[in-house]
Amino acid sequence: MKNQVLYKREKKEDKPVLAICYDFDRTLSPNDMQAQGFIQDVYSDAVEEFWNETNKLAEENDMDGNLAYMYLMKKKSRGKMPFTKKDLENYGEKVKLYPGVETWFERIRKIGEKNGVIVEHYIISSGLKEMIEATVPAREGAFKKVYASSFLYDEDGVAVWPSQVINYTNKTQFLFRIEKGVLDPNDPDVNKSYKPQDLRVPFRNIVYIGDSATDIPCMKLVNQYNGHSIGVYDPNTQDKTKVYNMFRESRIRYFAPADYSQGSKLEELLETIIRHTAVNEELETEYYNCWTDGENAKA
């Protein structure tokens, strides 16, 4: 019989919790993280060639696209760099962020505090955890949890195998983990049934922010349970093609430029969602009180 693993689980708070979940590439950062230094160093600046080879490798081998890019990163770094966790962190430190991102997370948390709502920030990304955790917001403790693809390392710190691969469909499992406070990726209690009043972050209090079709499964799930899905677009190019399509297809409920600066449209939208959460949770509490009284009287 296997020894039972004791997982740390989050307790239900006595204030409402709003979980804001973010994709990373082209949501918090204007470009793919791999294309902000790493690909240029191993491909002589041929970013498009790297992604073309990734797609070809995946198609020819019925391979997950994220596994394909992780394999090519390791393969192409051979003879050019050790490909250690430290190497990936060094590239992560150079990743550019959209305007206002570095101060965004604390500002939104404070807006939550002012309205009696606990705001938590989560990353759910197909990008690399090692790079994301090396960015300024992550180093400053902005995120409750970072769910992203990552490598397994040997005793010398060299990447030898994928330890986690996150694609556009299996992203959704992490929303259920956040809902139940079962945050460890290996904790089987994510499949346990919870009463609605026992959920730590009901879906109505989950916000998902993303930029493209790879975010659609999460956006659709959040919409289905009355949460908030937001599409963002590059504030420099002002290209709204993707968000227009997602909005027409009811994948997102709102869209805004990926400008995280103070006073931006995105900040105003989140402040409105926070105020809505505070009022709505008062009503939900009253509903469950009435329901409990009714059940007790029936007994």
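Predicted model: local features only at pLDDT ≥ 70, side-chain atom pairs only at ≥ 80, totals over all residues.
Colleague: Let's start with strand 6. How many of its residues are buried?

Modeller: Six of the six residues of strand 6 are buried, so the strand is largely enclosed by the rest of the structure.

Colleague: Which residues point which way?

Modeller: H228, I230 and V232 point one way from strand 6. S229, G231 and Y233 point the other way. Residues on both sides are buried, which means each has under 20% relative accessible area.

Colleague: How do strand 5 and strand 6 run, and how many bridges join them?

Modeller: Strand 5, residues 206–210, runs parallel to strand 6, and four bridges join the two.

Colleague: What is the bridge partner of Y208 in strand 6?

Modeller: That is S229.

Colleague: And strand 7, in what sense does it pair with strand 6?

Modeller: Strand 6 and strand 7 pair in the parallel sense, over four bridges. V232 stands opposite A256 of strand 7 there.

Colleague: What do strand 5, helix 9 and strand 6 make?

Modeller: A right-handed β-α-β unit, with helix 9 covering residues 216–224. Strand 6, helix 10 and strand 7 also make a right-handed β-α-β unit.

Colleague: Now the loops. Where is Q238?

Modeller: Q238 sits in the loop between strand 6 (228–233) and helix 10 (241–248).

Colleague: What is its phi?

Modeller: Phi of Q238 is near 60°, a positive value in a residue other than glycine. As for accessibility, Q238 has a relative accessible area of 40%, so it is partly exposed.

Colleague: What about S250, buried or exposed?

Modeller: S250 is exposed, because its relative accessible area is 55% and the cut-off for exposed is over 50%. The loop that holds S250 lies between helix 10 and strand 7 (254–257). Phi of S250 is near 60°, again positive in a residue other than glycine.

Colleague: Changing topic: which residues form the nonpolar patch on the surface?

Modeller: L152, V160 and W161 form that patch. Together they have about 320 Å² of accessible area.

Colleague: Where does V160 lie?

Modeller: V160 lies in strand 4, which covers residues 159–164.

Colleague: Why does V160 count as partly exposed?

Modeller: Because its relative accessibility is 36%. That value falls in the partly exposed class, which lies between the 20% cut-off for buried and the 50% cut-off for exposed.

Conventions: Residues numbered from 1 in each chain as written. Heavy atoms only, no water. Patch = residues over 30% accessible without salt bridge, like charges linked within 9 Å, V, L, I, M, F, W, Y side chains within 5 Å. Areas by Shrake-Rupley, 256 points an atom, 1.4 Å probe, with all protein chains shown as cover. Salt bridge = Lys/Arg side-chain N within 4 Å of Asp/Glu carboxyl O. Buried < 20%, exposed > 50% of the residue type's maximum accessible area, 1.4 Å probe, protein only. Pairing = 2+ DSSP bridges. Right-handed = clockwise from strand over helix to strand, strands pointing away.
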